[in-house]
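Here's a quick briefing to read with the model open beside you. Start with one working term, then go topic by topic.

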Amino acid sequence: MIASIFTIMTPLLLSGLGALFCEQAGFTNIAIEGLILGGAFFSIIFSSLCNSYVLGVLLAMAANIIISLLMHMAVERLKANLYVAGLSINLLSSGLTATLSYALFSTKGVLFFANLKPIPALFGQQALFYIALTLLAITPIILGRTVWGMRLRICGKKREALDSIGLSSKSLIMETYIICASLCTLAGASLSLATGSFVPNMSASRGWIALVLVLLGGSKPLGLLVSCLLYSFFEALGNRLQGALNVPSDFVLALPYVITLITLITYSAVKARRNRF
Amino acid sequence: MKRQALMILFSLALLLCLCLLFSPTPMKSFSSFVLGPFESLYFLGNLLNSATPLLIGSLGMCISLQGGSFNLGGEGQIYLGGFLCAILSIGLSSLGAFGAVLAVLISILAAAIVAGLSGLFKSLWKTSELISSYLISNALILIVNYLVTGPFQDPSTNLFSTQKIPQAFRLSKILLPSNLSSALLIGLALCLLSWLLLYKTKQGYEFRLYGSNPRFCQYGGISPSFCQIAPMVISGGFYGLAGSLSVLGTYYSCVKEFSSQMGFNALAIALIARKHPFLALPASLFFAWLSSGSRIAMQRTDVTVEMALIVQAAVFLLVTCTFSFKRKKSL
């Protein structure tokens with residue numbers, strides 16, 4: 001049970017961190033769903049081509065960063081609507097992965113890669129789980145103790161303030177897009193590399209859930225950890241219940257959405273009440 | 001207008017590049033994609049038919065976006081509307097035409113309530129309606145999936161769908177041999193009605209005002225909770241109608257996940273149309289052309305339907321951009 005909680009948590013934590021940096025910089029990035037999918041696809045393909053996980057994931061990061069910078073250019077330079085641009089990235093990745101998969105392997109179904117060695121694991125968890133924990137641990141240090149992190153937070157609070165003292169918020173935002181794309185690539189890699197296969201639309205709304213978890217955690221790293229643990233617990237519980245009680249699988253799949261929704265509403269209701277007094 | 005023309009030219013160019021990259025017979029794929037939908041009355045009628053639910057959904061989104069509400073739950077609301085309409089039509093078949101109207105009204109109401117909930121949460125506790133409507137919709141899709149493939153599945157077929165609705169409830173076809181149903185006329189009428197609502201009534205004025213400046217509205221004595229809930233309810237109702245008309249006019253039963261991508265496409269259309277009901281008409285035709293073109297190209301040549309998604313994504317990315325072709329003046 002605990003092992004499955006951690007397995008569920010890994011991609012959520014990694015992509016959640018990406019979303020957290022964006023939140024701290026003052027914008028909500030809904031493209032993480034598509035970036036996870038792209039990360040899963042590119043990391044397994046490049047890993048198989050290069051026969052190396054590290055190289056494969058790095059190349060996948062490069063691909064995702066290029067996609068992310070397209071969105072950055074549209075939003076920051078051409079003043080596109082942030083949410084519409086984010087949705088377009090999500091569409092782009094599901095279109096691009098299916099088209100490339102069909103063009104390269106002439107199938108739109110599940111892709112297996114037999115030549116990949118099993119991914120290194122420790123105590124039953126893949127390496128990316130420990131990377132996620134390490135990244136989570138250093139995030140408060142980056143945000144609270146470094147000049148870059150403090151500037152990022154100022155940018156999130158009031159962008160004009162940063163520009164008025166002669167610092168560029170533009171490059172800061174661009175760096176945030178790059179960081180978010182890299183973290184989402186890791187999240188995607190944790191999905192596809194763990195099983196050695198790519199399933200169409202394997203991100204399965206994890207990006208959206210991660211986004212909600214970040215909001216629930218108050219855009220703080222510790223809050224993110226708590227909300228991720230809570231969510232993963234319920235999802236693991238649901239998987240258990242499905243086997244034990246013979247509940248229809250659709251209900252189990254719906255459970256995370258319902259719980260996230262209830263938590264979101266409770267959270268905002270409590271916050272609204274606190275603000276009133 | 002120049003903008004829209006540029007957009008179409010751009011998407012054609014992108015499509016050509018994609019065909020050259022991914023198709024073994026690029027010119028054949030490209031021509032069947034672009035011209036295929038206009039080759040015969042059959043294809044043209046199907047194009048118009050697939051544009052109809054998109055048009056209705058996007059009209060609702062125009063109203064909701066003008067009121068400053070972002071209803072991201074269209075997918076689930078269409079699905080719920082279609083499902084309720086299908087099972088109610090079977091249950092109410094003894095009532096005749098009155099039963100059909102009742103079934104559609106109940107479906108509209110149910111979808112409107114679901115969307116209205118997100119608006120209610122927003123007005124009570126400032127819960128982001130964008131996130132809550134999306135979450136509710138995703139949970140709904142899974143629950144309806146269970147109902148369609150479980151208790152309500154038609155035992156006589158292997159398809160994941162409910163039983164067929166009675167003959168008398170089906171909308172008439174207006175352009176045989178294609179699937180085009182009279183739902184298109186309802187869509188056109190709604191186009192006019194939404195324009196009237198937005199630009200010729202007091203409520204429409206309040207929505208538009210609230211959408212552009214909520215605080216100003218409050219000073220002016222316009223109830224914020226009305227302006228937060230009503231646009232969501234209206235867009236939910238439009239989505240419910242789109243779903244039930246797809247069932248009555250096209251599918252004749254609730255097929256599993258028939259609404260997939262419809263909600264997002266309707267949203268995209270509303271944004272391309274810059275929230276104006278009249279512009280939603282050409283925009284929904286454009287989207288229907290993309291999807292039916294890709295289907296025809298897939299049937300005739302070796303490309304995937306998902307190629308259209310890439311073109312859609314590019315249109316999405318550019319649609320809200322502001323291009324200024326003037327060079328910046330140097331200081």
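A residue counts as buried here when its relative accessible area is under 20%, as exposed when that figure is over 50%, and as partly exposed in between. Thr99(A) comes in at 2%, so it goes down as buried. Keep in mind that this is a predicted model.

**Where the two chains meet**

- The contact draws on 40 residues of chain B and 41 residues of chain A.
- How many salt bridges cross between chain B and chain A? The rule finds zero.
- Polar contacts do turn up, with four residue pairs counted between chain B and chain A.
- H5, H6, helix H11 (262-272) and helix H13 (307-319) of chain B each give two or more residues to the side that touches chain A.
- H6(B) supplies the largest share of that side, at 13 residues.
- By residue type, the side of chain B that touches chain A splits into 28 nonpolar, 10 polar and two charged.

**Two threonines with partners in the other chain**

- Thr99(A) sits in helix H4 (residues 82-105) of chain A.
- Setting aside neighbours within four places in sequence, Thr99(A) is in contact with Phe22(B), Thr304(B), Glu306(B), Met307(B) and Ile310(B).
- Within its own chain, Thr99(A) is 50 residues from Gly149(A) in sequence, and their C-alpha atoms are 39 Å apart.
- Thr127(B) lies in the loop between helix H5 (97-125) and helix H6 (129-149) of chain B.
- Is Thr127(B) buried or exposed? Its relative accessible area is 1%, so it counts as buried.
- Not counting residues up to four places away in sequence, Thr127(B) touches Leu264(A), Ile265(A) and Ser268(A) in chain A, plus Phe121(B), Lys122(B) and Ser132(B) in chain B.

**Salt bridges**

- Over all chains, the count comes to four salt bridges.
- Arg159(A) and Glu76(A) form one of them, at 3.0 Å from N to O.
- Arg159(A) is partly exposed at 28% relative accessibility, while Glu76(A) is buried at 17%.
- Lys122(B), a contact of Thr127(B), also meets Glu129(B) in a salt bridge of 3.7 Å, N to O.
- Both Glu129(B) and Lys122(B) are buried.
- Lys202(B) and Glu206(B) make a salt bridge at 3.3 Å, N to O.
- Lys202(B) and Glu206(B) are four residues apart in helix H8 (residues 202-212) of chain B, so about one helical turn separates them.
- Lys202(B) is exposed, with a relative accessible area of 57%, whereas Glu206(B) is buried at 12%.

**Aromatic rings**

- There are 22 aromatic pairs over all chains.
- Tyr251(B) and Phe258(B) make a tilted pair, 5.3 Å centre to centre with 50° between the planes.
- Tyr251(B) is partly exposed at 29% relative accessible area, and Phe258(B) is buried at 8%.
- In chain A, ring pairs link Phe41(A), Phe42(A), Phe46(A) and Phe198(A) into a cluster.

**Backbone spots to check**

- Most residues other than glycine have a negative phi.
- Asn51(A) has a positive phi of about 60°, although it is not a glycine.
- Asn51(A) is in the loop between helix H2 (32-50) and H3 of chain A, and it is partly exposed at 48%.
- Gln261(B), also not a glycine, has a positive phi near 75°.
- Gln261(B) falls in the loop between helix H10 (224-251) and H11 of chain B, and it is partly exposed at 30% relative accessibility.
- Leu55(A), in helix H3 (residues 53-77) of chain A, is partly exposed at 43%.
- Leu55(A) and Ser43(A) are 12 residues apart in sequence and 8.9 Å apart in space, C-alpha to C-alpha.

Key
Residues are numbered from 1 along each chain as its sequence is written. Chains are lettered from A and ligands numbered from 1 in the order in which they are written. This is a predicted model: local features need pLDDT of at least 70, side-chain atom pairs count only at pLDDT 80 or more; totals for chains, interfaces and linings use all residues. Side-chain values use heavy atoms; hydrogens and water are left out. Buried means under 20% relative accessible area, exposed over 50%, partly exposed in between (1.4 Å probe, protein chains only). Contact means heavy atoms within 4.5 Å. A salt bridge is a side-chain nitrogen of Lys or Arg within 4 Å of a carboxyl oxygen of Asp or Glu. A polar contact is a pair of N or O atoms within 3.5 Å; within protein, one must be able to donate a hydrogen and the other to accept it, and residues adjacent in sequence count only if both atoms are side-chain atoms. Ala, Val, Leu, Ile, Met, Phe, Trp, Tyr, Cys and Pro count as nonpolar, Asp, Glu, Lys and Arg as charged, and the others, Gly among them, as polar. Rings of Phe, Tyr and Trp (its six-membered ring) pair if their centres lie within 6.5 Å; planes under 30 degrees apart count as stacked, over 60 as edge-to-face and the rest as tilted.
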